Amino acid sequence: MSRFARVLLLVLILAVAPSIFTQPVAAQEPGGGGAQRALFEVGDFTYRASFQLEDGTEALLIRSAYKAMFLYQHHQPTLNHHYISVSIGFYFGKTVLGRSLIESMNYDEIAFYPKWQDSAGYAYDMYLDTAVFSITGSMTDGRLVGGYMLIDDNAISQYLPMFGGTLVLSGLVLGLIDGSEVSFGDEPISITLEKYSNKFYPENATLTEGDITYESSDGYINISTAGASQVVVLIDLFIGLAMIGTAGTVVLLGLLHLRGMVKLPISRITSMIQRPVPPQAI
């Protein structure tokens with residue numbers, strides 16, 4: 001047997017031997033007994049809240065995702081837990097050229113309070129009591145916040161008839177790009193959501209706050225603000241349309257030139273571009 005063959009045989013023996021002589025060991029929790037744990041998603045939904053100016057321009061978009069989860073562990077100890085998970089993103093409105101309509105977003109507090117019906121049919125609402133998350137200060141474009149919370153530590157079954165909650169925005173003030181501000185007053189904005197297990201979409205959101213008007217439907221709520229129309233939106237729209245028109249004209253002329261239907265002075269333009277620049281007199 002060659003030296004290379006002997007080395008290859010030794011490598012194979014070292015690789016196979018552990019799997020032959022080592023017996024698998026079941027994962028054990030302290031105290032004995034193998035704990036079998038599994039996490040199931042038993043419900044989820046998404047929702048959007050759009051804050052629009054007087055002309056219908058979207059100044060702020062809130063995208064949110066909600067999940068209900070069931071944690072099961074067979075024994076030692078036996079676990080039957082329900083959790084609610086919340087993820088919320090804040091996105092500033094943009095012009096067609098990508099400029100943000102909001103320069104600043106300030107608030108006293110943003111919090112989410114869960115509500116649900118447990119597997120035994122009892123209803124719970126943690127509104128203004130216990131929050132999944134609570135933040136204060138200011139918001140940046142694209143920021144994502146959220147959290148999760150144990151809502152039932154002794155569930156009868158995996159089934160959860162309803163879950164959702166209330167998103168509360170207190171002292172919300174939007175600083176617009178033209179220097180004006182949109183204030184929502186002293187009363188907090190409360191957006192309440194509920195998702196029943198026998199329905200594909202959540203219930204239409206309800207909103208409570210002063211004189212704010214809103215329109216709610218499957219998966220979204222449009223909220224009308226008192227903010228004036230932004231001139232920069234019209235300016236950027238005009239510039240964007242002009243750029244699209246110019247690009248379209250250039251493309252059309254180029255196609256007509258290639259087909260011989262028009263003759264463009266391309267050689268003259270090329271020679272002008274490639275012409276060396278004379279040195280500047282000192």
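User: What is the relative accessible area of Y201?
Analyst: Y201 has 44%, so Y201 is partly exposed. The cut-offs, with a 1.4 Å probe and protein chains only, are buried under 20%, exposed over 50%, and partly exposed in between.

User: What sort of model is this?
Analyst: The model is predicted: local features need pLDDT of at least 70, side-chain atom pairs count only at pLDDT 80 or more, and totals for chains, interfaces and linings use all residues. Residues are numbered from 1 along each chain as its sequence is written, and side-chain values use heavy atoms, with hydrogens and water left out.

User: OK, rings. How many aromatic pairs are there?
Analyst: Rings of Phe, Tyr and Trp (its six-membered ring) pair if their centres lie within 6.5 Å; planes under 30 degrees apart are stacked, over 60 edge-to-face, and the rest tilted. That rule gives eight aromatic pairs. One of them is Y113 with Y127, edge-to-face, at 6.1 Å centre to centre and 80° between the planes.

User: Where do those two sit in the chain?
Analyst: Y113 is in strand β4 (residues 102-117), and Y127 is in the loop between β5 (123-125) and β6 (133-139). They are 14 residues apart, and the pair links distant parts of the chain. Strands here are DSSP E runs of at least two residues, numbered from the N terminus.

User: Y113: buried or exposed?
Analyst: Y113 counts as buried, because its relative accessibility is 8%. Y127 is partly exposed at 34%.

User: Back to Y201. Which ring does Y201 pair with?
Analyst: F200. The centres are 4.9 Å apart and the planes are at 85°, so this pair is edge-to-face. F200 is exposed, at 70%.

User: Which rings form a cluster?
Analyst: F45, Y66, F112 and F163, linked by ring pairs.

User: Now the sheet. Which strands pair with β4?
Analyst: Two strands pair if DSSP finds at least two bridges between them. β4 runs antiparallel to β8 (residues 162-170) over nine bridges. With β6 there are six, also antiparallel. Four bridges join β4 to β9 (residues 173-176), antiparallel. Three join β4 to β5, antiparallel again.

User: What stands opposite I110?
Analyst: I135 in β6, and L169 in β8.

User: And W116?
Analyst: W116 stands opposite Y124 in β5.

User: What about the hairpin of β4 and β5?
Analyst: This hairpin has five residues between the strands, and G121 takes a positive phi near 95°.
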